[in-house]
Amino acid sequence: SLVESETTTTKKKEEDSYETEEQQQIALKRHLRDSIKKQKKIQAARKKRLKFIGMAKAVDRGQFAITYNPRNTNSNTTTGFQAKSGLPDRTKLFTVLGIESSCDDTGAAVIRSDGTILGEALASQGEIHEEWGGVVPALAQKAHAANIQSVIQDALRNAGNMTIEEDIDAIGVTVGPGLEICLRVGCYAARDLAIQYNKPFVGVHHLEAHILMSRIGGSNAVHNIPATSETHGSTRAMDFPFLVLLVSAGGHCQLMKCHGIGNYTILGGTLDDSIGEAYDKTARLLGLPVGGGGGPAVEKLAKEGNPSSIKLTIPLHRRKDCDFSYAGLKTGVRMAAEKIRIERGVESIEHLSKEDKADIAASFQNVAILHIEQRLKRAMTLCEEEEDNLIKTMAVV
């Protein structure tokens, strides 16, 4: 019986070992299969990215699953985005409260549908971010939350002590692009007010708002927009279509044709960095205060410098398209500044004299703007060569 018991135990161990080995083989095969699948996925993604190397960012070439398409042009219809909360009666003048919190300033404005700005207010965060050399999202979000309600009330008061309940017909708010945690503050404030006062809620595309602001009438209104069965008549500073140079909105740098609301043709965009990023990094390189943005700091210093003192190459000057690139210029400025530092025998670029810094700033700004001028000339040529040649005006925003 002892021999039988030992034989049974040995057989059981062999069976357990066999099952374990079999399970290990199954697990190994599964792991290999998953690894092969993962590698194929990585290779497919890499192959897809390779097609866009050397092409401008933020241009829809079919690589994005979701795109901004309010007119629903893919289905060849005129219907697109719809305001589920409704819209004000557009056959007569209406008033909108607009709220903005996409980056580092909290803003609000009361604007009438004929383009008249009735009142506005702004809480700047320049001092908050200056010591960090750029916008810190968490600090920006905190400042937005602290200021949003007072800014809204200031805008209403500046509009003649208006109230949302009696004087505002709709509430609009920036929904993107921007810093997500900052956008959230403005969106939540607008949503809560829309619900509280039963007002239409309208999400606004940040970049499109920059573009369409150029059409606001006022004293520059020269184009009459006749009334229709759906909208009242108004005046605008320019009519569709027009050429747009978009350089003011954060990391965006684009040339496009604006055919109408939600209807754009992008002629070119940045391959890497925007002009705003280049200004910010040049300002930090020179040790300038950037609380109010690198652009104003560099521009102010550049007025005291010689724009021809440092030789810098104009980006993409051999390419006959409308794309931008500022990564190479940033590197060129840094290398030029480092060369001057060595020649002067100072510890760091920040320790250069104000005269040297002014020359660097002026030389950088000169080439940065020349790059834009070349792209603009190319875009204008393209528009002139078109058969219909409808575009006669341009907006820089």
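The entries below go from the whole chain to single residues.

**Ground rules.** I'm working from a predicted model, where local features need pLDDT of at least 70, side-chain atom pairs count only at pLDDT 80 or more, and totals for chains, interfaces and linings use all residues. Residues are numbered from 1 along each chain as its sequence is written, and side-chain values use heavy atoms, with hydrogens and water left out.

**Overall.** I counted up the secondary structure and got 10 helices and 11 strands. Both are DSSP runs numbered from the N terminus, helices being H or I with at least four residues and strands E with at least two. Of the 397 residues, 37% are buried; buried means under 20% relative accessible area, exposed over 50%, and partly exposed in between, with a 1.4 Å probe and protein chains only. I also looked up the accessible surface, which comes to about 23,400 Å², with 52% of it belonging to carbon and sulfur atoms. Such areas come from the Shrake-Rupley method with a 1.4 Å probe, and for residues only the protein chains shown count as cover. Among contacts (heavy atoms within 4.5 Å) with a separation of 6 or more, 63% are between residues 24 or more positions apart.

**The five-stranded sheet.** I traced an open sheet with the order β3-β2-β1-β4-β5 and mixed pairing. Two strands pair here if DSSP finds at least two bridges between them. β3 (117-124) and β5 (201-205) are the edge strands, each pairing on one side only. The twist averages 20° from one strand to the next. β4 (residues 170-176) runs parallel to β5, joined by five bridges, and Gly 172 sits opposite Val 202 in β5.

**Helices on that sheet.** Helix α3 (residues 137-158) packs on the sheet and touches β1 (95-100), β2 (105-112) and β3, its direction making about 25° with that of β2. Helix α5 (residues 180-197) packs on the sheet too, touching β1, β4 and β5, at about 160° to the direction of β4. For these angles, axes are lines fitted to C-alpha atoms, for helices over the stretch in contact, and values run from 0 to 180 degrees between N-to-C directions.

**His 144.** Buried or exposed? His 144 has a relative accessible area of 0%, so I put it down as buried. The residue is in helix α3. Leaving aside neighbours within four places in sequence, the contacts of His 144 include Ser 101, Asp 105, Gln 125 and Cys 182.

**Around β9.** I noted β9 (residues 254-260) as largely enclosed by the rest of the structure, because six of its seven residues are buried. β8 (residues 242-246) pairs with β9 in the antiparallel sense over five bridges, and Leu 246 has Gln 254 as its bridge partner. On to β10 (residues 263-269): six bridges join this strand to β9, again antiparallel, with Gln 254 opposite Gly 269. β9 and β10 form a hairpin with two residues between them, and Gly 262 in the turn has a positive phi of about 75°.

**Ser 234.** I found Ser 234 in strand β7 (residues 234-236). At 13% relative accessible area, Ser 234 is buried. Beyond its neighbours within four places in sequence, Ser 234 is in contact with Asp 114, His 223, Asn 224 and Ile 225.

**Val 396.** Last stop was strand β11 (residues 394-396), where Val 396 lies. Val 396 counts as exposed because its relative accessibility is 52%.
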